[in-house]
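This report describes selected features of a predicted model.

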Amino acid sequence: SQAGRAPTCSSTCGRALACGRHQCASACHDGPCDACEHQLEQTCYCGRNKRQHSCAGSPLGACAAADSATGSFSCNDPCHRPLTCGNHLCELPCHSGPCPACQLSPEVVNTCHCGQTMLTELAKSRESCMDPIPTCRLKCNKVRTCGPVDKGEPHRCLLDCHEGACRPCPARSERKCQCGQSKQKLPCKELLAGRVIVCERMCNAKRSCGRHRCNQRCCTDGAHVCMLVCGKRLQCNQHKCEELCHRGHCDRCWQTIFDELRCGCGAEVLYP
């Protein structure tokens, strides 16, 4: 039935699609237009990478954004656009909008490297981001990630105020092993390298089967699922259970016997 439907003609629809840029090329029709099928080439914000993007499902104006001089997506590579200082490049991931100010500019840096002394106290002025940042006479004292951090007493850098990252900590830190039952002292540089501390304690917990024990060193397994094969003889008395070791009775034998079974005297026969 045509009742309730708008009349159509032989002309092209021509209505604007949801993308906000293209028009419907279908013949005049009732109801909403189909999704835009155009493929557009988009440029990233930093301008070094491109991609093909479908208009379908895009929000209003997404197609028009493909022509934007500022880009329309992030490629996640370093931006590397020149900063306003003219000396350094932006190291942020590809991003929209203007790049931040140079982090070495005199307007941004107002302390020495360790951050404890104002440059005004050192009576040393900087005219541009290329001028060196002076050091003070104090110890660096920057907080490290090693030491008794849980007690609020992390190790600190004991070198004089210096440029760049702090050297590896020469001290040792006490940390719990992975099962949490013992503590060990290790060089801090090994902890920062991601070394896992394993103690000698053997886990005596029973596994899920109730028959075997864990016996793993410095165990962190909470479920203790037994990974051994059950191996018990099934009711058929010919095959063994091939499931993982488990509690309770084994399932029935899934193998089918196609031979006739006769009793010892041969008077009775059990057919498959």
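**The hairpin**

Strands β1 and β2 make a hairpin in which 6 residues lie between the two strands. Within the turn, Gly47 has a positive phi of about 85°. Strand β1 covers residues 39-43, while β2 covers residues 50-54. The two strands run antiparallel and are joined by 5 bridges. Across this pairing, Thr43 is placed opposite Lys50 of β2.

The two faces of β1 can be told apart by their cover. Leu40 and Gln42 belong to the covered face of β1, whereas Gln39, Glu41 and Thr43 belong to the uncovered face.

**The largest pocket**

The largest pocket holds about 260 Å³ of space. A total of 13 residues line this pocket, and those closest to its centre are Pro148, Asp150, Glu174, Arg175 and Lys183. Two or more lining residues come from each of the elements in the following table.

| Element | Residues |
|---|---|
| β3 | 172-176 |
| β4 | 183-187 |

Strand β3 contributes the most to the lining of the largest pocket, namely 5 residues.

**A nonpolar surface patch**

Which residues form a nonpolar patch on the surface? The patch consists of Val225, Met227 and Leu244, which together have about 280 Å² of accessible area. Val225 lies in the loop between α3 (188-192) and β5 (261-262). Is Val225 buried, partly exposed or exposed? Val225 counts as partly exposed because its relative accessibility is 40%, and this class lies between the limits of 20% and 50%.

Key
Residues are numbered from 1 along each chain as its sequence is written. This is a predicted model: local features need pLDDT of at least 70, side-chain atom pairs count only at pLDDT 80 or more; totals for chains, interfaces and linings use all residues. Side-chain values use heavy atoms; hydrogens and water are left out. Patches are made of residues with over 30% relative accessible area and no salt bridge: like charges are joined within 9 Å, nonpolar side chains (Val, Leu, Ile, Met, Phe, Trp, Tyr) within 5 Å. Accessible areas come from the Shrake-Rupley method with a 1.4 Å probe; for residues, only the protein chains shown count as cover. A salt bridge is a side-chain nitrogen of Lys or Arg within 4 Å of a carboxyl oxygen of Asp or Glu. Helices (H or I, at least four residues) and strands (E, at least two) are DSSP runs, numbered from the N terminus. Buried means under 20% relative accessible area, exposed over 50%, partly exposed in between (1.4 Å probe, protein chains only). Two strands pair if DSSP finds at least two bridges between them. On a 1 Å grid over the protein atoms alone, a cavity is a set of points where a 1.4 Å probe fits but cannot get out, and a pocket is an open set with protein on both sides within 12 Å along at least five of seven lines; lining residues have an atom within 4 Å of a point. Grid points are joined across faces, edges and corners, and a volume is the space filled by probe spheres set on the points.
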